[in-house]
Amino acid sequence: MISLAELQRRIDAGDLSADAAIAQSLEATSAHEKSIGAFVCRDESLRAQSAGPLRGIAVGIKDIMDTAEFPTEMGSPIYRGFRSRGDAAVVMMLKQAGASIVGKTTTTAFASIDPTPTLNPHNHGHTPGGSSSGSAAAVAAGMIPLALGTQTGGSVIRPASFCGVAAIKPSYRLLPTVGVKCYSWTLDTVGLFAAGVDDVARGLSAMTGRPELLLPPDIPTPRIGVVTQDFAGAPDASGGEALRIATRAVEKAGASARALDLPEIFAEAWRAQPIVQEFEAHRALAWEYREHYAQMAPLLRAKLDESRNTPPVAYDEAIKTANRARQALEELFDEVDMLLTLSAPGAAPRGLGSTGDARYNRLWTLMGVPCVNVPAHIADGDLPVGVQIIARYGADAAALAAARFVEDALRRQ
Ligand SMILES: NC(=O)CC(=O)O
């Protein structure tokens, strides 16, 4: 994979020009795109900017985010050829930091659950996950050093786990969703994919102008709470093994890692998340659902059909449950610095019939807390499986530092 940190170091040292760095990504993308299918469209004559911490960094943008230079088709024929006049806020933040937008990465229709044609770079017989399929696959295939995705259920952390890349779903609203097609205004969160935790941290720090998000020179040893989320059902063997491997690794690295049983309010919030998600989707996608019903992706259409009569009182109760759970979570973080849990049930499912299950992600998206995926295990010989590091709301720097602690511990084991 292409390390953003390594490109920055070489460009800053004068060993590599920003244009040569861009050319490296263009060459790698041309070499792998035919077999992976990570992009909807791309600029093969891309040039570097001359200034900014992300100069020379080619970035892929999930195709639900507005771009002036490329169409934004939402993974749906309803928006075929649609072109926004301007860029989404996060695209401008990348450009203002010197990045070069190489193209639009594949997304499931409206970032929901209908699979894309994109293949898992580790094993083409498996899904890369979704809904940010192309962004995870493009980084994992070594085409680009950075890509943007979004998460409403599990669409950043799960594909990152399936593709063996680092990723962050930051705290809710750390990154603006202005110019990003809405599915759920309470849940939608923009996230980043990169080769490793330091690469993710550098990308997020540069685009937000927040130097505090850079990893500290000395990574503190976190107090770790290991949560299995039993209310979400048992994981696959490979998912459980990834969590055990990571737990053993952090203990060997000197951290305290104790099993935490989550209070019942968290199971209630986990059950409430789909109510919030689908009630809001019926408002966010009302025009498409009414005016282009026949053209909507089948799994998404069926999900909307199933939830079309959810009464406002049920939504109001789900929001109240979420607020109670967020308060309980704040208290939980008085006992530990981070939670360590599953990123996905296990390795990527075989075939392209499903993008996998968000059951270990969706609670944390509703909580709005920062979540980071770190690759932890290789299943069936070639399929990565990650673990998820979670910190308190607003503690994105701590989440990244804790994820780096886990990443280092796994490398040393
Ligand atoms: N957008 C989403 O997060 C949906 C998913 O998890 O597949």
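Analyst: Let's start with I378, which touches L383 and P384 once residues up to four places away in sequence are set aside. Contact here means heavy atoms within 4.5 Å. This is a predicted model, in which local features need pLDDT of at least 70 and side-chain atom pairs count only at pLDDT 80 or more, while totals for chains, interfaces and linings use all residues. Residues are numbered from 1 along each chain as its sequence is written, and side-chain values use heavy atoms, with hydrogens and water left out.

User: Which residues is I275 in contact with, beyond its neighbours within four places in sequence?

Analyst: Those partners are T310, A314, Y315 and A318. I275 itself sits in helix α8 (residues 264–284). Its relative accessible area of 33% makes I275 partly exposed.

**Polar contacts**

User: What does the side chain of K95 make a polar contact with?

Analyst: A polar contact is a pair of N or O atoms within 3.5 Å; within protein, one must be able to donate a hydrogen and the other to accept it, and residues adjacent in sequence count only if both atoms are side-chain atoms. In this case the partner is the side chain of E69, at 2.8 Å. K95 lies in helix α3 (residues 89–96) and counts as buried because its relative accessibility is 17%. Leaving out residues up to four places away in sequence, K95 touches Q49, E69, D87 and I101.

**Helices**

User: How many residues of α6 are buried?

Analyst: The count is 11 of its 12 residues, so to speak a mostly covered helix. Among the buried ones are V197, D199, G203 and M207. Length is a handy check as well: the expected span is 1.5 Å times one less than the number of residues. For the 12 residues of α6 (residues 197–208) that gives 16 Å, and the end C-alpha atoms are 16 Å apart, which agrees.

User: How many residues of α13 are buried, and what do the buried residues pack against?

Analyst: In α13, 12 of the 17 residues are buried, so this helix is largely enclosed by the rest of the structure. The buried set includes D396, L400, F405 and L410. Their packing partners are β5 (166–169), α6, α7 (237–252), β9 (338–342), β10 (371–379) and β11 (383–390). The length check works here too: the 17 residues of α13 (residues 396–412) should span 24 Å, and the end C-alpha atoms are 24 Å apart.

**Backbone angles**

User: Which residue other than glycine has a positive phi near 60°?

Analyst: First, the background: most residues other than glycine have a negative phi, and most peptide bonds are trans. M74 is the residue you ask about. M74 lies in the loop between β2 (58–62) and α3, and counts as buried because its relative accessibility is 3%. R173 also has a positive phi, of about 75°, without being a glycine. R173 is in the loop between β5 and β6 (189–194), and is partly exposed at 37% relative accessibility.

User: Which peptide bond is cis?

Analyst: Look at the bond from G130 to S131, where omega is near 5°. S131 lies in the loop between β3 (100–105) and α4 (133–140).

**The ligand**

User: Which residues are around the ligand?

Analyst: A residue is near a molecule if one of its heavy atoms lies within 4 Å of it. The residues around the ligand include G130, S131, Q151, R158 and A358.

Conventions: Helices (H or I, at least four residues) and strands (E, at least two) are DSSP runs, numbered from the N terminus. Buried means under 20% relative accessible area, exposed over 50%, partly exposed in between (1.4 Å probe, protein chains only).
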